Amino acid sequence: MIELEKETERVILVGVCTSEQEDTMNSLEELEDLANTANARTVGRLLQNREQIHPATYIGKGKLEELKDLLWELDATGIICDDELSPVQMKNLQDELDTKVMDRTLVILDIFAARASTSEGKLQVELAQLKYRQTRLTGFGTAMSRLGGGIGTRGPGEKKLEMDRRLIKSRIAQLNRELKDVRRHREVTREQRLRNHIPVAAIVGYTNAGKSTLLNVLTGAKILAEDKLFATLDPTTRGRKLSGGQEVLFTDTVGFIRKLPHHLIEAFKSTLEEARYADLILHVADVSNPQMDEQMYIVYETLKSLGVTDKPVITIFNKQDKAGSDAESIRDFRADYTVKMSLKTGEGIPELLRTIESVLREQKRLIEFLYPYQEAGRLKLIRRFGELLEEDYREDGIFVRAYVPVEIYEKIKISS
C-alpha cells in the first residue's frame with residue numbers, strides 16, 4: 001500500500017432529514033466523529049428537511065447555492081454527505097461545487113483501510129473499496145488529482161483508481177480468490193474448535209462500546225483499545241478457563257455502526273460470521289451514550305441480517321462509572337441476561353463470568369455416573385471438555401458428577 005502524509009482536511013457535513021430531525025442530528029454527530037477519526041476537521045454543517053433525498057444532487061437547488069457560499073466562507077476543502085451517494089449524485093455535486101465530494105461510506109472505508117493490519121483485513125478492505133469505486137472512477141479521478149491525498153486515498157491508493165474497469169474487475173476477481181482461501185482456513189479452524197468441543201463467545205456491539213477492552217480484561221489479550229471509532233478492525237480470539245475448569249474462546253468482532261456500508265458487510269462476512277457459529281453472544285453496550293437504545297437496535301438488526309437469531313445473548317451495560325442516575329432503569333428486553341459493568345474499574349466482572357458459566361451449563365447435560373475402575377480413561381474426556389463437579393473414588397468405582405457437552409455424552413455414558 002502507498003504511504004501518504006496525513007493531511008487535515010476542512011470539511012462541511014451535509015445531511016438530509018426525511019423523518020425525525022433528532023435522528024438525523026445524531027447521525028451527523030456520529031459523522032463528525034468519523035471525520036475526526038479519518039483526520040478531517042469539521043468546520044460547518046448543512047441540514048435540509050426534505051420528503052426524500054434529491055435523486056440528482058442529494059440536496060435541493062437552494063441548499064446547493066447555500067453550500068457553495070459556505071465552502072467559500074469557511075475555506076473548506078470538501079464536503080461529506082451523511083448517506084451513500086450514487087455515482088450521478090457524486091458527479092453532479094463535484095461539477096456544481098468544484099470541490100472534493102465524499103460520503104459516509106467512503107469515510108468508513110478509509111478508516112478501515114488505515115486500521116487493517118492483518119493480510120485478511122487488508123484484502124477485505126481493498127475488495128470493499130474497489131467495489132465501491134468501480135462505478136465512480138471518473139469522478140474520483142478528478143477529485144484526487146485536484147486535492148492529492150486525504151480521505152479516500154488510503155488502501156489501494158491512487159494508482160489503482162486510475163486503472164480502467166477491466167483491470168479493476170480483474171483485481172476484484174483475484175481478491176475474491178484469495179479471500180476464498182482465507183475463508184477455507186477459517187472454516188478449518190472452526191471445525192477444529194467443534195472437534196475440541198470448546199465453546200465460543202462472540203463479543204459484539206456498537207463501535208467504541210468497549211468490546212476490545214472486554215477481551216483484554218477477560219483474557220489478557222493486550223490488543224489495542226482506544227476511545228475511538230473502529231480502534232480495532234481485525235478479529236482476535238483468545239481463550240480463558242472459567243472457575244469450573246471449562247475453557248472458553250472469546251472472539252472480538254468488528255464494531256457495528258448505523259448505515260454500515262453493504263460493501264463492508266459483504267467483504268467482512270467471513271469475519272462477522274464468527275457470531276453465527278458462536279455458542280453465545282456477549283453484547284457490549286455503552287450506558288454513558290445518549291443514543292444507547294438506538295445503538296442496541298442497530299446491533300440486533302445487523303445480527304439479524306447475518307442470520308444470528310437463535311443464540312443466547314448476554315448484554316453488558318458497560319461504563320457504569322460514567323452513567324448517570326437513570327442508569328438503574330436501563331433494560332434490554334431482547335437479551336437473555338444482562339450484567340452491569342465498568343470495565344475501567346472492574347465492577348461486574350465476577351458476575352459476568354458466573355453468568356457465562358450458567359449459560360454454558362444450560363447447553364450441557366448433567367451426568368451422575370459410577371465408572372468401574374477399568375473405564376477410568378473416560379474421565380479424561382470429562383476433564384477436558386466438561387465441568388467436573390464431583391469425583392469420588394469408592395470401592396466399586398469412581399463416582400462422577402459433571403456437566404458435559406451433548407456431543408460427547410454418547411462417548412462417556414455408562415450402559416445400564
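I began with Lys91, which is partly exposed at a relative accessible area of 43%, and I kept in mind that this is a predicted model. I then looked for a partner and noted that Lys91 forms a salt bridge with Asp95, with 3.1 Å between the closest N and O atoms. Asp95 is exposed, its relative accessible area being 53%. Because the two residues stand four apart in helix 3 (residues 87-97), about one helical turn separates Lys91 from Asp95.

I went on to the other salt bridges, of which the count comes to 23. I looked up Glu29 and Arg45, whose side chains meet in a salt bridge at 3.4 Å, N to O. This pair links distant parts of the chain, since Glu29 lies in helix 1 (residues 21-37) and Arg45 in strand 2 (residues 40-49), 16 residues apart. I also noted a network of salt bridges that links Glu30, Asp82, Asp83, Arg104, Arg258, Lys259 and Glu294.

Tyr371 counts as buried because its relative accessibility is 0%, and buried means under 20%. Phe369 also pairs with Tyr409, here in a tilted arrangement with 6.3 Å centre to centre and 40 degrees between the planes. I found Phe369 in strand 11 (residues 364-371) and Tyr409 in helix 15 (residues 406-412), 40 residues apart.

Note on methods:
Residues numbered from 1 in each chain as written. Predicted model: local features only at pLDDT ≥ 70, side-chain atom pairs only at ≥ 80, totals over all residues. Heavy atoms only, no water. Buried < 20%, exposed > 50% of the residue type's maximum accessible area, 1.4 Å probe, protein only. Phe/Tyr/Trp six-rings, centres within 6.5 Å; stacked < 30°, edge-to-face > 60°. Salt bridge = Lys/Arg side-chain N within 4 Å of Asp/Glu carboxyl O.
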